[in-house]
Amino acid sequence: MSDTSVRIAENLAAIRGSIAEAARRVGRSADEITLVAVTKYVGEAEVRALAAAGCLDIGESRPQELWAKVAALADLPIRWHLVGHLQRNKIRRTLPLVSMIHSLDSVRLLEAIDHAAAESGKMTPALLEVNISANRAKHGLAPAEVAPLVEQLPAFPHVAVRGLMAMAGHEGDAHAARRDFAALRELREQLRGQCAPQVTLDHLSMGMSGDYEVAVEEGATIVRIGSALFAGLS
Ligand SMILES: *Cc1c(COP(=O)(O)O)cnc(C)c1O
């Protein structure tokens, strides 16, 4: 094994350990939590190292980068996640490649994805991205826009909305992150009470390198981790 592979495997094991501890602190099981490795900072070799270490959920934030990595790594049984913004002109090429879109953030995008998914006969799992901190620099639906969109979901049967996604508003502020993650969970509980029975909203995709333990304590079922996996690589 190369030094890179060893370091990535060690980082992954340490992060999985921290996730398990955070889960245990609040009486959850680590099995409920999927680690998506976000690989936008690294290349093909690092993704291969992650896969060899058992991490097969891989996320990219830019569609073009996702397409390139999917092509280069087609020999691996990776589940690809798009975690960043999806422009409508990139939908057709992206949908067949991904197992989840984390960044559904408008009715127009929902319509366009549903249309493309209907044509290809494939259901598209997705999460609604919420700008939970109301930080103007972040993408996502305003919290007040989410319920009206959820009400419209039965009209878009080729998109399976499985939950919500958000980023904490202020990096490095654990208190603010906890408040944001709790707000996302509470929004999900509210929506569950009012949405159509086929909309399950099981997932909360929240928590990145700096705040994933807080996110797990607040109910994350998916954490999206980039830089912490690649710490110490030259
Ligand atoms: C880059 C990125 C991450 C991972 O960020 P790190 O802080 O490096 O762990 C998670 N989610 C999204 C949407 C990202 O763009």
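# A chat about a predicted model

User: Is Thr221 buried or exposed?
Analyst: Thr221 counts as buried because its relative accessibility is 10%, where buried means under 20% relative accessible area, exposed over 50% and partly exposed in between, with a 1.4 Å probe and protein chains only. Please keep in mind that this is a predicted model, in which local features need pLDDT of at least 70, side-chain atom pairs count only at pLDDT 80 or more, and totals for chains, interfaces and linings use all residues. Residues are numbered from 1 along each chain as its sequence is written, and side-chain values use heavy atoms, with hydrogens and water left out.

User: OK, and where does Thr221 lie?
Analyst: Thr221 lies in the loop between α8 and β8 (222–225); helices (H or I, at least four residues) and strands (E, at least two) are DSSP runs, numbered from the N terminus.

User: Which residues is Thr221 in contact with, leaving aside its neighbours within four places in sequence?
Analyst: Those residues are Arg28, Glu32, Ile33, Thr34, Asp202, His203 and Leu204, with contact meaning heavy atoms within 4.5 Å. Thr221 and Ala30 are 9.2 Å apart in space, C-alpha to C-alpha, although 191 residues separate them in sequence.

User: Switching to helix α7, how far apart are its end C-alpha atoms?
Analyst: They are 31 Å apart, which agrees with the 30 Å that the 21 residues of α7 (residues 174–194) should span at 1.5 Å a residue, since the expected span is 1.5 Å times one less than the number of residues.

User: What caps the N-terminal end of α7?
Analyst: Asp173 does, with a side-chain oxygen 3.2 Å from the backbone nitrogen of His175. Such a polar contact is a pair of N or O atoms within 3.5 Å; within protein, one must be able to donate a hydrogen and the other to accept it, and residues adjacent in sequence count only if both atoms are side-chain atoms.

User: And what covers the buried residues of α7?
Analyst: The cover includes α6 (143–152), β6 (159–165), β7 (203–205) and α8 (212–217), while the buried residues of α7 include Phe181, Leu184 and Leu187.

User: New topic: how many disulfides are there?
Analyst: A search of the whole structure finds zero, where a disulfide is a pair of cysteine sulfur atoms within 2.5 Å. Cys55 is buried, with a relative accessible area of 1%, and Cys195 also counts as buried, at 16% relative accessibility.

User: Last one, which polar backbone or side-chain atoms lie by the ligand?
Analyst: A polar side-chain atom of Arg224 lies 2.9 Å from a ligand nitrogen atom, and a polar backbone atom of Gly226 is 2.7 Å from a ligand oxygen atom.
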